[in-house]
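Please open the model in your viewer and keep the selection panel at hand. The tour goes to one helix and then to the ligand.

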Amino acid sequence: MIEKRGDIFRLDTKDTTYMFRITRHGHPEHIYYGDRLTGTDPEPLIMKHTIQTGSSVMYTEDDPDYCLDTLTLEYSGIGKGDYRHSPAEILMPDSTYVCDFTYDSYVITEGICPPADLPAAYGETDECRTLEIRLSDKACNVRSSLFYTVFPECNIITRRAVLYNDDDRGLRIRKLMSMMLDLNAGPLVLLTLDGGWIRETHKHTRPLQPGIFVNDSTTGASSNRHNPGIILHAPDSGEDHGKAYGFNLIYSGNHYEAVELSSSGTVRVMNGINPHCFDWPLSAGESFETPESVLTYSSDGLNGVSRNFHDFINRHIIRGEYKDKERPVLINSWEAFYFKFSCRKLVRLAGRAAKLGIELFVLDDGWFGDRNDDHAGLGDYSVNLRKLPGGLKRLGRKLSKKGMKFGLWFEPEMVNENSDLFRDHPEFAVRIPGRRSSLGRNQLVLDLCNSEVRDYIVRNVCSVLDSADISYVKWDMNRHTSDMFSVHIPEQGMFFHRYILGLYEILGRIFKARPHILLETCSSGGNRFDLGMLCYSPQIWASDNTDPIERLKIQRGLSYFYPPSTIGAHVSLSPHQQTLRRTPLSTRFNVAGFGVLGYELDLKHLTPAERKEVKQQIGFYKENRILLQYGDFYRFDEMLQNRTNFMTVSKDRTEAVTGNFQILASAAPETEIMPLTGLDPELRYSVKTIPRGLSVKGFGALINHLLPFRIHPDNFILRMIDRFYRMPDCVEEYSAGGDTLMQGIRLNDQFMGTGYNNKVRMIGDFGSNLYKISAEQSAL
Ligand code: DGJ
């Protein structure tokens, strides 16, 4: 797993090798990260520097070929000849920005060496091992440590850096990255996930060009603008082939990832806390810990990188009672009622939901204080007894009688000016004295740097949680931070990081003591979808956008870094509230089914036929829940702009579900080949469409072509038929070996206006099918 031979450190996972050495002047020099090597001859991989480069600065005059600027390093300083982007900008105790950390010693520990105040990956002593490389500055009494933890089974290495000030004088950290790595792996393409509210995690790629590309967040959270996960891959890599490196960060605040293509063709990559407004004083004897960075490599393309991340998250990030546990199907009150509900309405919705097989009822915003819209109430915790006579306990009892578990929404990090909390404690809000604060969604951020605020939140959330039988919490956070200021920190450059440390403290205090509560975090949808939050919440609400066609992009993007078990995905009404798009109920489920399924609509609006369909959807989801939440998830290269395919394969490769999603129908379409992957080539499988029904009314006057009599499309009888009946769509069945299936299935024709029979797929715009794939018994 971790080996030292002479000056070389070698870190092996199941399929990868990571290697660096300590140079003759004590700098950790990166040698190799890639496919697992069998041999022990690193010489061909080490970069050669046999003559001095022009316009370079010699590290020392007695060794003219040794130049930091052309070395591939594991971490770098400033002011000794490396002019690439530096991971560390420190005002050293001698009041210079020059720092030069060189090797002192190393320590190998069984298991992890976690940071004290930050969430981190965990693992047993037989699952992982940690290497600490101890470095010290040449001029000042300042040390640093680089920690590498190897998780061999998941092909993951985590890294983080710690700075120790042993000098009598103070220093200031302006930038300290968790990880830096100089790759010498040929040309690379950078993949990032970008977006905004209701448009999160859209994938973008660009080939690296000379210069620096920064992916970061400055909103106070990991943000919906740029997710901290990034991938660097070879230009010819695809979803299922080629070399790819993945990086992520276990952090929920302002993050920073920089990628620099240097003039020598090497690629420097780093990630950590964003230096934006960051300035951290470190007095004598103090240390500073950076969040853990997560690295992986795969030669099986982007899906290979994703599988490594997914396994790692399920095994070493998600913790507590919900680790590996099937997540309940929920109904959420938000899009059903927004702020306008009564106990009766809620219980009726719960009753309808229970009949369909839904397991958990989530009461969203609007249950406390004067919160009848988003102008008031945040910060208060008194239950609104007008809406909920008898309080949460009574509601919980009623839900339990319906066979439903009870979940509750909170937004504890925020306060409305129109709230008792703000009237009593205006100083609890983040504000600069003498200046008017900017509002976001009519609210202010609470100052989590203040321990009194943290205690207030913990006390109140806990007392609500203990007042009723609550088994799920949705923890929301609905604005970006502005007017950053706190009197509770020595310096304002500490604000953003101390806020996040405060948040982690609060989450730990509330939920570690209540392991039976399933936490789902949320931030206006996916504004804080990151590994830091996943250390506390096994699932995260991916987006306020539940339009399935938009969700294809959002969930596809998230899937590069996060497994389906963590992605909250709901079925909502059509036409959709944000896009006005009309989509079939089947497609809404077929997309949400590749995440943690929920429903978010007033079920009263469903026709009996739709209710029957939802019941079947939930039945199918529950039967295949382990597969859908914990199977190996695959994306496919976009062969056609117009189609997306998702696939989930069980770990033992005996079962799979694949989704075939059409965006827009085209006239007389080309033969459609549905791609399949991940199956066992040696096994024989049966493949069958999950039956779905078609709305008769959706055909309008065209229905007359199928009926022996003529009928007006808005005829009462037709409307009645539509309420109770669904026309069956074509069901395809195949039986073949895994190797044959993985060549792609040539599907039946789609409807094209020339006739109709039961072998024609009636897909249309935004139509989709799920197919269940099962190894045949005789083959097992
Ligand atoms: C934003 C969330 O993303 C929604 O799901 C909902 O909980 C609202 N906040 C409630 O205010």
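Throughout, a residue is called buried when its relative accessible area is under 20%, exposed when it is over 50%, and partly exposed in between, with a 1.4 Å probe and protein chains only. This is a predicted model, in which local features need pLDDT of at least 70 and side-chain atom pairs count only at pLDDT 80 or more, while totals for chains, interfaces and linings use all residues. Residues are numbered from 1 along each chain as its sequence is written, and side-chain values use heavy atoms, leaving out hydrogens and water.

Select residues 391–401, which form helix α4, and colour G391, L392, L395, G396 and L399, which are buried. These residues lie on the same side of α4, because they cover an arc of only 155 degrees around the axis. Now turn to the face directed away from that buried side, where the exposed residues R397 and K401 sit.

Next, show what covers the buried residues of α4, which includes α3 (343–356), β22 (360–363), β23 (405–410) and α6 (451–465). Following α4, select G403, whose phi is positive, near 85 degrees.

Move on to the ligand and display the 13 residues around it, among which D364, D365, K474, D476 and D544 come nearest; a residue counts as near if one of its heavy atoms lies within 4 Å. From an N or O atom in the side chain of D364, an oxygen atom of the ligand is 2.7 Å away, and for the side chain of D365 the corresponding distance is 2.6 Å. For the side chain of R441 it is 2.8 Å. Taken alone, the ligand exposes 290 Å², of which the protein buries 98%.

Terms used:
Helix = DSSP H or I, 4+ residues; strand = E, 2+ residues; numbered from the N terminus. Arc of directions from axis to C-beta. Contact = heavy atoms within 4.5 Å. Polar contact = N/O pair within 3.5 Å; in protein donor to acceptor, adjacent residues only side chain to side chain. Areas by Shrake-Rupley, 256 points an atom, 1.4 Å probe, with all protein chains shown as cover.
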